[in-house]
Amino acid sequence: MLEPTPLVNVRIDGVWHQFPKGTRVIEACAQVGAYVPRYCYHPKLSSPGNCRMCLIEMGLPRMGPDRKFELGADGKPVINWMPRPQICCAQDVAEGMGVRTSSPVVEECRRGVMEFLLINHPLDCPICDQAGECLLQEFSIEYGRADSRFLENKVKKPKRVRLGSRVTLDDERCILCSRCIRFCQEIAKDDVLGFTERGGHTILTAHPDRPLENNYSLNTVDICPVGALTSSDFRFEMRVWFLKETKSICTSCATGCNTIIGSREDVIYRQTPRENVAVNSVWMCDYGRLNFEYLTSPERLLEPEVFGGEKLQPADWKTVISHTALQLRHFTGWDIAIIASGRMTNEELWLTACLARHLNVSLIDIVPRKGEGDDILLSQDRNPNTNGAKLILGLQNKPGANLEAVASGVAEGRIKSLVALGEDPTAFGIPVEQLKKLPSFIVINISRSSSTAHATAVLPSAAYAEKRGSMINGRGRLQRLNRAVRPPGQARQDWEILRDLLQELGGTNSLGSIEDVFREMAESIPQFAGLSLSKIGDLGVKIMAGPEDSTTPVPPGEPVDEEIFERPTLHASK
């Protein structure tokens, strides 16, 4: 059993506090409400101490002849203050330490540092993408001068430098904090950035013939405290104060990185990582970050359609739901196969399982997706909710084990009705010619595919950013999706479509909201007992141990061990 970390006594701005040994002074100050401005310091990276913005007055206890602390009239150690200000980003707390964060000397130091930083900084604020979330802007208001004493010409540096396909650099804005360099060295393990030249002519650049192309390059944009590094995709697209920010999760792989979706007027402009030490720390891969363009694809399904004898024809939702239910009533369980998706939420999978039970369908599976992973954040499993599908659908074998049986059943004519939920049957071996011959082929999806034109009913659904729900990531953590934008056209959330279909078939009529779906699911599946969508919270809850064959990596620099949610004891009713 690990011993508790010992506490040390530290005086901050005249008040004594206790902190765990090993706490950085800058973090200790923040914990008691004494925020110290900083540029180069980042809690997940090493501390070089090169911006000098976090200078404070620091002192240590006066030692007596017996090598013990001298105590004052209040019984506390007498502080010997150092003659010069010290940086607090690279110093750990120590017993009896004294700190002053707002003395006249400290304030004067901060004003001096700001004046030096602004000497060669261009007045790009009206066009800079960082405007509105720029630390240089914020601190210049508090510590900057209203006038300039600088009479010489500003140093001109390169602008609009493409460090890679996704990152653009304006060197004139760079304040040489080195955050991006340390990130590439310590987190991305791709040492391609560095400083060159000397003095006021120092610039940030990539090493010759080594562009910034790693899958985590856009994290350098996130941690840049000014507007030096910008996203080529987001550059000049939208002012950040116009964006509506929605907390959600990434659905591009099983890691389920926590995100903030920035949108305006139902258009997503960017996704940025949100801190969760149990999932993604504060980072996010470029693959998942930029994987939202398909939401505005011209191939999006915008209205429900039914087969009218010769081709698919638009119809209202009530007609399509009735038509779909009528098709399913014509067949027994052995004649029907359901292809669900590892990209569906738990609530959608629960209603899919209810539909399968109502129709006595036993042939049900999901389509596995694999890709190249790494040991940072990207999982080889490209389905965000494989664990949820296995748990809720009761899949005993590996995902995809029944797909061959489905394909052979369609080829031999044993399967007469195929329900595809967010998947394209041609991707796992069912040719279009065989889909054409099916008496019933029901598609619920967000976009058209090669098989959609041959469906007997098409029901347009919502993408991940257009709906609410929950998913279980590759390490067994239950997390929450939130709706950032509205679905286009007449598209609806999948759980609503499945609920209406069940109601038409006579299965259920008590689900008015997605919270009701989760409540019903929690009453039947022990792993969800005692939870609700609101209780999951913004950071999620670990509800099961990760599979032994999980390819979801542990977030870099974060603890591995994590407790599983303790469910309340269920007592039998009297």
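Visitor: Are Phe183 and Trp283 buried or exposed?
Guide: The model is predicted, and the term buried applies to residues under 20% relative accessible area. By that cut-off, Phe183 and Trp283 are both classed as buried.

Visitor: What kind of aromatic pair do Phe183 and Trp283 form?
Guide: The ring centres of Phe183 and Trp283 are 4.9 Å apart, with 50° between the planes. Planes under 30 degrees apart count as stacked and those over 60 as edge-to-face, the rest being tilted. The pair of Phe183 and Trp283 is therefore tilted.

Visitor: How many residues apart in sequence are the parts that Phe183 and Trp283 tie together?
Guide: Phe183 belongs to helix 4 (residues 179-186). Trp283 lies in the loop between strand 14 (267-273) and helix 6 (286-289), so the pair ties together parts whose separation in sequence is 100 residues.

Visitor: How many aromatic pairs does a search of the whole structure find?
Guide: One of the pairs joins Tyr39 and Phe139; it is edge-to-face, at 5.4 Å centre to centre and 70° between the planes. Tyr39 and Phe139 are each buried. For the whole structure, the search gives a total of four.

Visitor: In which helix does Phe139 lie?
Guide: Its partner Tyr39 is placed in the loop between helix 1 (25-31) and strand 3 (55-61). The pair ties together parts that are 100 residues apart in sequence, and the element that holds Phe139 is helix 3.

Visitor: What is the orientation of helix 2 to helix 3?
Guide: The axes of helix 2 (residues 104-119) and helix 3 (residues 135-143) come within 10 Å and cross at roughly 130°. That angle makes the orientation of helix 2 to helix 3 oblique.

Visitor: Which residues of helix 3 make the contact with helix 2?
Guide: The crossing of these two helices is left-handed. On the side of helix 2, the contact is made by Glu107, Arg110, Arg111, Met114, Leu117 and Leu118. On the side of helix 3, it is made by Leu136, Phe139, Ser140 and Tyr143.

Visitor: Why are helix 8 and helix 12 described as roughly parallel?
Guide: Helix 8 (residues 346-359) and helix 12 (residues 494-505) have axes 9 Å apart. Angles under 35 degrees count as roughly parallel. The two helices are therefore roughly parallel, as they pack at an angle of about 20°.

Visitor: How many nonpolar residues does the contact of helix 8 with helix 12 have?
Guide: The crossing of helix 8 and helix 12 is left-handed. Among the contact residues are Leu351, Cys354 and Leu355 of helix 8, and Trp495, Leu498 and Leu501 of helix 12. By class, the contact has two polar residues and three charged ones, while the number of nonpolar residues is nine.

Visitor: What is the relative accessible area of Ser451?
Guide: Ser451 is found in the loop between strand 20 (440-445) and strand 21 (457-460). Apart from neighbours within four places in sequence, Ser451 is in contact with Asp424, Pro425, Thr426, Leu435 and Phe441. Ser451 is buried, and its relative accessible area is 2%.

Visitor: How far apart in space are Asp381 and Thr255, C-alpha to C-alpha?
Guide: Asp381 is located in the loop between strand 18 (363-366) and helix 9 (386-393), and at 11% relative accessibility it counts as buried. Its contacts, leaving aside neighbours within four places in sequence, include Cys253, Ala254 and Thr551. Asp381 and Thr255 are 126 residues apart in sequence, and their C-alpha to C-alpha distance in space is 8.5 Å.

Notes:
Residues are numbered from 1 along each chain as its sequence is written. This is a predicted model: local features need pLDDT of at least 70, side-chain atom pairs count only at pLDDT 80 or more; totals for chains, interfaces and linings use all residues. Side-chain values use heavy atoms; hydrogens and water are left out. Axes are lines fitted to C-alpha atoms, for helices over the stretch in contact, and angles run from 0 to 180 degrees between N-to-C directions. Helices (H or I, at least four residues) and strands (E, at least two) are DSSP runs, numbered from the N terminus. Angles under 35 degrees count as roughly parallel, over 145 as roughly antiparallel, 65 to 115 as roughly perpendicular and the rest as oblique. A crossing is left-handed if the near helix is turned anticlockwise from the far one by less than a right angle, and right-handed if clockwise. Contact means heavy atoms within 4.5 Å. Ala, Val, Leu, Ile, Met, Phe, Trp, Tyr, Cys and Pro count as nonpolar, Asp, Glu, Lys and Arg as charged, and the others, Gly among them, as polar. Rings of Phe, Tyr and Trp (its six-membered ring) pair if their centres lie within 6.5 Å; planes under 30 degrees apart count as stacked, over 60 as edge-to-face and the rest as tilted. Buried means under 20% relative accessible area, exposed over 50%, partly exposed in between (1.4 Å probe, protein chains only).
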